[in-house]
Amino acid sequence: MDTKQFEAPMRVAFELASQAGRQGDVPVGAVVLNPAGKIIGQGFNTREALNNPLGHAEVNALIAASQDLANWRLDDCTIVVSLEPCTMCAGAIVQSRIGRLVFGAFDDKAGAVGSLWDVVRDSRLPHRPEVISGVLAAEAANLLTEFFKEKR
């Protein structure tokens with residue numbers, strides 16, 4: 001599959017990630033696309049800003065998309081996220097029945113889509129989205145590197 005089609009939405013996810021970083025949260029951004037490729041949900045990390053452990057970019061984007069469609073089932077949609085989802089977010093992606101997951105940088109410390117675990121492709125689950133990884137990975141990783149460099 002040609003991943004170029006996901007570069008523009010990934011850049012939107014990067015903008016959202018930068019917004020999270022400016023608010024003191026780890027810079028992760030996510031967008032949900034409908035089958036036509038239109039953004040119907042977006043989110044960024046808000047754990048620090050809202051003191052909410054569930055405030056991950058993916059969860060926020062999935063909630064927004066579900067509200068836009070008035071349906072929790074996001075079967076034919078795609079989520080594009082700047083960083084490999086953690087176990088919570090991977091579980092939320094599976095539960096939303098999303099059709100495709102696209103992510104940028106791998107997360108060697110908490111990634112649940114191949115790095116540490118592979119929640120979304122576990123054959124014991126009733127739903128497994130298509131996964132496309134590494135889209136603009138170097139740029140995605142750089143967002144995180146710069147954020148943590150400033151924190152230290």
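How many aromatic pairs does the count come to by the ring-centre rule? The count comes to 2 aromatic pairs, where rings of Phe, Tyr and Trp (its six-membered ring) pair if their centres lie within 6.5 Å, and where planes under 30 degrees apart count as stacked, over 60 as edge-to-face and the rest as tilted.

The model is predicted, so that local features need pLDDT of at least 70 and side-chain atom pairs count only at pLDDT 80 or more, whereas totals for chains, interfaces and linings use all residues. Residues are numbered from 1 along each chain as its sequence is written, and side-chain values use heavy atoms, with hydrogens and water left out.

**Aromatic pairs**

A pair of aromatic rings is described by the distance of the centres and the angle of the planes. The table gives these values for each pair.

| Pair | Distance of centres | Angle of planes | Class |
|---|---|---|---|
| Phe103 and Phe106 | 5.0 Å | 85 degrees | edge-to-face |
| Phe147 and Phe148 | 5.1 Å | 80 degrees | edge-to-face |

Burial is judged by relative accessible area (buried under 20%, exposed over 50%, partly exposed in between, with a 1.4 Å probe and protein chains only). Phe103 is buried at 0%, whereas Phe106 is partly exposed at 44%. In the other pair, Phe147 is buried with a relative accessible area of 10%, and Phe148 is partly exposed at 30%.

**The surroundings of Asp25**

Phe147 is also one of the residues that Asp25 touches, and the others, not counting residues up to four places away in sequence, are Ala20, Asn45, Thr46, Arg47, Glu48 and Ala49; contact here means heavy atoms within 4.5 Å. Asp25 sits in the loop between helix H1 (7-22) and strand E1 (29-33), with helices (H or I, at least four residues) and strands (E, at least two) taken as DSSP runs numbered from the N terminus.

Although Asp25 is buried, it has no salt bridge, and the nearest side chain of opposite charge, that of Arg47, is 4.9 Å away. A salt bridge requires a side-chain nitrogen of Lys or Arg within 4 Å of a carboxyl oxygen of Asp or Glu, and for charge Lys and Arg count as positive and Asp and Glu as negative, while His and the chain ends are not counted. A polar atom of the Asp25 side chain lies 2.7 Å from the backbone nitrogen of Glu48, and a polar atom of that side chain lies 3.2 Å from the backbone nitrogen of Ala49.

Ala70, which is not a glycine, has a positive phi of about 55 degrees, and its place is in the loop between helix H3 (57-69) and strand E3 (78-83). Leu136 likewise has a positive phi, near 50 degrees, and lies in the loop between strand E5 (130-132) and H5. Ala70 is exposed at 70% relative accessible area, whereas Leu136 is buried at 16%.

**The chain as a whole**

The chain has 5 helices and 5 strands, which follow one another along the sequence as α-β-β-α-α-β-α-β-β-α. Buried residues make up 45% of the 152 residues.

Arg152 is found in the segment after helix H5 (137-151) and is exposed at 77% relative accessibility.

How values were computed: A polar contact is a pair of N or O atoms within 3.5 Å; within protein, one must be able to donate a hydrogen and the other to accept it, and residues adjacent in sequence count only if both atoms are side-chain atoms.
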